[in-house]
Amino acid sequence: MRVAIAGFALESVSFLPVPTTLADFERRACYGEAVIAAHRGTNTAIGGFVKVCEAAGAEMVGIVSSDAGAAGSATDEAFRHYSDAICRGIAAENDRIDGILLFLHGAMTTPSRADPETEILAGLRAIMGPALPIMVALDYHGNLDAAILKYATAVFGYHYSPHTDMGETGERAARCLLATLRGEMRPVTAIAKPGVMVPSIFSATDLEPLAGLVRRSLALPREKPGLVDVSLFAGFSYADAPSCGFSVVAVADGDPALAARAAHTAIDEDCFTEFGMRAADFPIIVLRSKTHFRAVYEPLAAEILIVDTPDWGPADLTGLPYRHVPRERVFPFADPPQLL
Ligand SMILES: [Zn+2]
């Protein structure tokens, strides 16, 4: 088996005026065999790809990788450079490649593109055809919608934030690819997207309600035969894109209905009542309102603190100039004001 490996990642804060340039990406870029060597033994998605492929004796072809962390939108020049490097590098291998392992963040934007990562996948599909397995590892803060699943065979997100399982996420994607190539699995995917935006400061998975949602999503593949994987994505609320927000992706073996049921089960209505609506259940509740909370919550609270959050102080996101997000469906923007 011969597997192409590539990565191109940025968590784009669309509202920052300083873009992430080609030079910024190039400082952390690897090309060719260096992609494999630089990530071998690291807790990164690509490190996970390498670990599983080497253990299985699969041949790896490093294409290109760069990860610019979290910063302003990528310039279109930087996007074109890496998109071309990925697509042309893989096209050059063409019929010698059995599958592709790709690491993307999921929340990249550029000045002219709200979903550049799906554009890369669409480009790969156009070149490589509909049959070639393409497995994608993504960050838990990725903004996904159904478009990415049109082109990726399956996607896998980090389970935890702060992120500790990047390598394991790459391993999940690589194991799925190798099982698919051996004919042991026929992955199908489904996405559930409830129209929820989670401010990044509330996306930690060791705090409720996300801790419970993650536990629930991890239990599903153990409970449901044929369900391969469930990834919960908090999304990234500061990337201005139509796909902005929370989603759940399920991967099943040959059963689209099972995948769809699993994706929706992970975030059913009961779960979302936990987004602050049963205050007495939580040791700490955080409210967006500065004016109304005391009367309602003082009887419940042992202590009330007024805090300034590190990434968006007033907890009033209406000040951000979103152009692409469908605001009418977005929580917590909707009136009346609610708990975060
Ligand atoms: Zn993240």
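Trainee: Is Asn94 buried or exposed, and how many other C-beta atoms lie within 10 Å?

Mentor: Keep in mind that this is a predicted model. Asn94 is exposed, because 11 other C-beta atoms lie within 10 Å and the cut-off for exposed is 12 or fewer. Asn94 sits in the loop between α4 and β4. The backbone there deserves a look too. Asn94 is not a glycine, yet its phi is positive, about 25°.

Now step back into helix α4, residues 76-93. Its partner here is helix α5, residues 116-128. Two packed helices are described by the angle between their axes and the distance between the axes. For α4 and α5, the axes come within 10 Å. They cross at roughly 25°. Angles under 35 degrees count as roughly parallel, so α4 and α5 are roughly parallel to each other. Their crossing is right-handed. On the α4 side, the contact is made by Phe79, Ser83, Ile86, Cys87, Ile90 and Ala91. On the α5 side, the contact is made by Pro116, Glu119, Ile120, Gly123, Leu124, Ile127 and Met128. By type, the residues of this contact divide into ten nonpolar, two polar and one charged. An α-helix has 3.6 residues a turn, so residues three or four places apart point the same way.

Next, look at what lies by the other end of the story, around Thr21. Thr21 is in the loop between β1 and α1. Thr21 is partly exposed, because it has 16 other C-beta atoms within 10 Å. Leaving out residues up to four places away in sequence, Thr21 touches Thr75 and Ala78. Thr21 and Glu77 are 56 residues apart along the chain, and their C-alpha atoms are separated by 7.6 Å. Ala23 lies in helix α1. Ala23 counts as exposed, because it has 10 C-beta neighbours inside 10 Å. Ala23 and Ala78 are 55 residues apart in sequence. From C-alpha to C-alpha, Ala23 and Ala78 are 8.1 Å apart in space.

Several α3 residues are buried: Ala45, Ile46, Gly48, Phe49, Val50, Val52 and Cys53. What covers them? The cover includes the strands β1 (2-13), β3 (59-72), β4 (99-104) and β5 (134-138). It also includes the helices α2 (33-39) and α7 (166-181). After α3 comes Gly57, and its phi is positive, near 75°.

One more backbone detail concerns Pro162. Pro162 lies in the loop between β6 (154-157) and α7. The peptide bond from Ser161 to Pro162 is cis, with omega near 0°.

Finally, the whole chain. It has 340 residues, and 44% of them count as buried. Its secondary structure comes to eleven helices and nine strands.

Terms used
Residues numbered from 1 in each chain as written. Predicted model: local features only at pLDDT ≥ 70, side-chain atom pairs only at ≥ 80, totals over all residues. Buried ≥ 20, exposed ≤ 12 C-beta atoms within 10 Å, placed from the backbone. Helix = DSSP H or I, 4+ residues; strand = E, 2+ residues; numbered from the N terminus. Contact = placed C-beta atoms within 7 Å. Axes fitted to C-alpha atoms, helices over the stretch in contact; angles between N-to-C directions. Parallel < 35°, antiparallel > 145°, perpendicular 65-115°, else oblique. Left-handed = near helix turned anticlockwise from the far one by under 90°. Nonpolar A, V, L, I, M, F, W, Y, C, P; charged D, E, K, R; others polar.
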